[in-house]
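Thanks, everyone. Let me put the sequence and the model on the screen, and then we will walk through them.

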Amino acid sequence: MGLNDGTFQRGSYNLKRSRCHFFKSRVKELSTKIKMGLVPQTMLLTAASELVRNMLKYGNGGIVQLEIVSNNNSITGVRLTFEDKGPGIVDIKLAMKDGYTTGKSLGMGLPGAKRLSSEFYIKSAVGKGTTVTIIKWKNG
Ligand SMILES: Nc1ncnc2c1ncn2[C@@H]1O[C@H](COP(=O)(O)OP(=O)(O)O)[C@@H](O)[C@H]1O
Ligand SMILES: [Mg+2]
């Protein structure tokens, strides 16, 4: 696969609004590097945008990690982890429902990101923060 060719393959960023564009470029760079198709790449970027938006809007910003990962069948993918130390989510099941929002917006961010991802994990503790991890495999 030539993943150890010295070019960018993982990173960790403390996100502020000004660094969003930089972060999205790195996601694109990683997914291009593993030859992810254009459709899954666009899905990943859309999911990432929603999760960054939530982190900035509700979680007071936080850290994003980007990594190339592979599964048991040596399929590669991109894993993104969004970790904030914001107020947390009281009812995750409710927050995952289409149309649920406390921010007067569409309430499609979390459920949309889940649908667009290959794998989606969320954990949250009230008063401590929220961590969302997604993986997009290169073939979908
Ligand atoms: N990182 C987060 N920290 C705290 N609450 C969050 C976070 N992300 C999402 N939420 C909560 O989950 C709700 C649903 O999120 P989402 O589906 O993205 O819809 P929207 O952003 O339009 O409200 C938000 O309104 C908010 O209450
Ligand atoms: Mg949202």
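Start at the hairpin of β2 and β3. Five residues sit between the two strands, and S74 takes a positive phi near 60 degrees. A word on labels: helices (H or I, at least four residues) and strands (E, at least two) are DSSP runs, numbered from the N terminus.

Now the ground rules. This is a predicted model: local features need pLDDT of at least 70, side-chain atom pairs count only at pLDDT 80 or more, and totals for chains, interfaces and linings use all residues. Residues are numbered from 1 along each chain as its sequence is written, while chains are lettered from A and ligands numbered from 1 in the order in which they are written.

β2 covers residues 62-70 and β3 covers residues 76-84; they run antiparallel, joined by nine bridges. L66 has L80 in β3 as its bridge partner. I68 has V78, also in β3.

What joins β3 to β5? Eight bridges do, and this pair is antiparallel, with β5 at residues 129-137. Here T81 stands opposite T133 in β5.

Next, β4 and β5. Seven bridges link them, again antiparallel. E119 stands opposite I135 in β5. Their hairpin has three residues between the strands, and G127 takes a positive phi near 85 degrees.

Five strands make an open sheet, ordered β1-β2-β3-β5-β4, with antiparallel pairing. Two strands count as paired if DSSP finds at least two bridges between them. At the edges are β1 (10-15) and β4 (119-125), each pairing on one side only. From one strand to the next, the twist averages 10 degrees.

Helices now. α1, residues 20-33, lies across β1, β2 and β3, at about 5 degrees to β2. α2 packs on the sheet too, touching β1, β2, β3 and β5, and its direction makes about 10 degrees with that of β3. Contact means C-beta atoms, placed from the backbone, within 7 Å. Axes are lines fitted to C-alpha atoms, for helices over the stretch in contact, and angles run from 0 to 180 degrees between N-to-C directions.

Last, the ligand. Which residues come nearest to ligand 1? Of the 23 around it, they are N54, T101, T102, S105 and G109. The elements giving two or more residues to this shell are α2 (38-57) and α4 (109-116). A residue is near if its C-beta atom, placed from the backbone, lies within 6 Å.

Note on methods. Two residues are in contact if their C-beta atoms, placed from the backbone, lie within 7 Å.
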